[in-house]
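Q: Hi! I've just opened this one and have never looked at it before. Could you walk me through it?

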Amino acid sequence: VVVVGASFEPRELLRFPPHGISLHWYAMALESSEFVSAARTSLIVAVLATLGALLLGVPSAYALARYEFPAKNLVSGVLNSPLIVPQLVIGVALLEILAVLGIAASVFTLTLGHILIALPYVVRTIHASILGLDPSVEEAASNLGASRPKIYATVVLPIIRPALYSSVLFAFLISFDNAVISLFLVSARTTTLPIAMYTYVQYNLDPTIAAISSMLIGLSLLVLFIANKMAPIERIHQ
């Protein structure tokens, strides 16, 4: 409420309640080439990170839910560790690894970092959904002659579709809004929107930053609303 209210302040002063109503700072934010470029980078990275997290997370979640194998608990712990390890530690570690390998910061390296933090959300959501899927459904498809890939594509994925929708949306938000890990992996050409906001607020304290924050809040609420309509929580656990 404070952030959204402050974004309508007509004067060049971040304060709440606003002394008037103005959309000037929203126009300033949308016309800023710096913020628009950073938002474009964030969007590209978020889409790529979401796809990467799905490609790695869905098979991993299925394996954890359906099979017994050595070091299963270790694998599960590693996949979920980004939820436990502070992102500051992850960011420093990734920066050190890239420095040792001589790899410069780019959209690719930033995407890898975001895949790492988005992966646990995909694994946990899909894993819970697959645990609720009766294995006899897959066995029936196999008895009818369906190959393993066809079972995945025509039986498993359609049934866990609500969980897939939620995984996509949450992974996207986690990546798009991330600032801590991005701080270690961005360069002058790959600045994301949260980092651009962080840099801006160090030298400026006008309502532009509140306007951008309000738009991000609106985006998050919209995504969560869509997620609830497409995949209600109760359906994920069925």
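**A chat about the structure**

A: Happy to! Let's start with one detail: the side chain of Asn178 comes within 3.2 Å of the backbone nitrogen of Ser182. Keep in mind that this is a predicted model.

Q: Is Asn178 buried or exposed?

A: Buried. Its relative accessibility is 5%, and buried means under 20%, so Asn178 counts as buried.

Q: Which residues is Asn178 in contact with, leaving aside its neighbours within four places in sequence?

A: Those are Gln87, His114, Ile117, Thr192 and Pro194. Two of these names come back in the helix packing: His114 and Ile117 in helix 6 are among the residues that meet helix 9.

Q: Nice, let's go there. At what angle do helix 6 and helix 9 pack?

A: Helix 6 (residues 107-131) and helix 9 (residues 161-176) pack at about 160 degrees, and their axes are 9 Å apart. Angles over 145 degrees count as roughly antiparallel, so helix 6 is roughly antiparallel to helix 9. The crossing of the two is right-handed.

Q: And which residues of helix 6 and helix 9 meet?

A: From helix 6 there are His114, Ile117, Ala118, Tyr121, Val122, Thr125, Ile126 and Ser129. On the helix 9 side they meet Ala163, Leu164, Ser166, Ser167, Ala171, Ile174 and Ser175. By class, this contact has nine nonpolar residues, six polar ones and no charged ones.

Q: What about helix 5 and helix 6, how far apart are their axes?

A: The axes are 11 Å apart, and helix 5 (residues 87-101) packs against helix 6 at an angle of about 145 degrees. Helix 5 also passes helix 6 in a right-handed crossing.

Q: Which residues of helix 5 and helix 6 meet there?

A: Gln87, Ile90, Leu94 and Leu98 of helix 5 meet Thr109, Gly113, Leu116 and Ile117 of helix 6. That contact divides into five nonpolar, three polar and no charged residues. Gln87 is also one of the contacts of Asn178.

Q: Zooming out now: how many helices and strands are there in the protein chain?

A: The protein chain has 13 helices and zero strands.

Q: What does the C-alpha trace span, and how much of the chain counts as buried?

A: Along its principal axes, the trace spans about 70 × 45 × 25 Å. The chain has 238 residues, and 41% of them count as buried.

Q: Last one: among contacts between residues at least 6 apart in sequence, what share joins residues at least 24 apart?

A: For the protein chain, that share is 72%.

Terms used. Residues numbered from 1 in each chain as written. Predicted model: local features only at pLDDT ≥ 70, side-chain atom pairs only at ≥ 80, totals over all residues. Heavy atoms only, no water. Axes fitted to C-alpha atoms, helices over the stretch in contact; angles between N-to-C directions. Helix = DSSP H or I, 4+ residues; strand = E, 2+ residues; numbered from the N terminus. Parallel < 35°, antiparallel > 145°, perpendicular 65-115°, else oblique. Left-handed = near helix turned anticlockwise from the far one by under 90°. Contact = heavy atoms within 4.5 Å. Nonpolar A, V, L, I, M, F, W, Y, C, P; charged D, E, K, R; others polar. Buried < 20%, exposed > 50% of the residue type's maximum accessible area, 1.4 Å probe, protein only. Polar contact = N/O pair within 3.5 Å; in protein donor to acceptor, adjacent residues only side chain to side chain.
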